[in-house]
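Subject: Structure for you to look at

Dear colleague,

Please have the sequence and the 3D view open while you read.

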Amino acid sequence: MTKLNDSQLRKLKPTEKTQKISDGLGLTFVLKPNGSGYWHFNYRWYGKQRTISFGTYPETSLKSARDQRTEAREFLAQKIDPSAERKNSNLAACEAEIAKVRATTWREVSTE
């Protein structure tokens, strides 16, 4: 199986049907008929097919998509669902931001 490269991605033209081009190890480039391209990582979790998206091309580069695939595969090796890990990470980031806003607001209110 040949790995994708950036020049191949730039040369791809949309067709009437969605195209799925594999880069290997579960990473797939999906080109929609409207010309938009997405990075998907396909994996199995307890026997069920799962997919997570890594972003759009060219905003998410081939290298970045491969790095995210490697990270997701490391989670799978540790028996951790990459999708659940991403949700937990996003939740933790949101909670940290909320705590920061609350602290700032509390300081502003207490100094008045």
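Which residues have the most contacts inside the largest nonpolar core? Please keep in mind as you read on that this is a predicted model. The core in question has 15 residues, and those with the most contacts inside it are Leu 9, Phe 29, Trp 39, Phe 41 and Phe 54. Strand 2, strand 3, strand 4 and helix 2 each supply at least two residues of this core, and the largest share, four residues, comes from strand 3. Leu 9, if we set aside residues up to four places away in sequence, touches Leu 4, Phe 29, Trp 39, Tyr 57 and Leu 62.

The strands themselves form an open sheet of four, in the order 1-2-3-4 and with antiparallel pairing. Its edge strands are strand 1 (19–24) and strand 4 (48–57), each of which pairs on one side only, and the twist from one strand to the next averages 30°. Helix 2 (residues 62–77) lies across strand 1, strand 2, strand 3 and strand 4, and runs at about 15° to strand 3.

Five of its five residues are buried, so strand 2 is largely enclosed by the rest of the structure. Leu 27, Phe 29 and Leu 31 point one way from this strand, whereas Thr 28 and Val 30 point the other way. Strand 2 pairs with strand 1 in the antiparallel sense over five bridges, and Lys 20 stands opposite Val 30 there. With strand 3 it also pairs in the antiparallel sense over five bridges; Phe 29 stands opposite Trp 39, and Val 30 stands opposite Tyr 38.

The two hairpins can be read in turn. Between strand 1 and strand 2 there are two residues, and Leu 25 takes a positive phi near 55° in that hairpin. Between strand 2 and strand 3 there are five residues, and in this hairpin Gly 35 takes a positive phi near 100°.

Leaving aside neighbours within four places in sequence, Gly 37 is in contact with Phe 29, Val 30, Leu 31, Gly 55, Thr 56 and Tyr 57.

With best wishes

Note on methods. Residues numbered from 1 in each chain as written. Predicted model: local features only at pLDDT ≥ 70, side-chain atom pairs only at ≥ 80, totals over all residues. Heavy atoms only, no water. Contact = heavy atoms within 4.5 Å. Pairing = 2+ DSSP bridges. Axes fitted to C-alpha atoms, helices over the stretch in contact; angles between N-to-C directions. Core = buried A, V, L, I, M, F, W, Y, C linked by side-chain atoms within 4.5 Å. Buried < 20%, exposed > 50% of the residue type's maximum accessible area, 1.4 Å probe, protein only.
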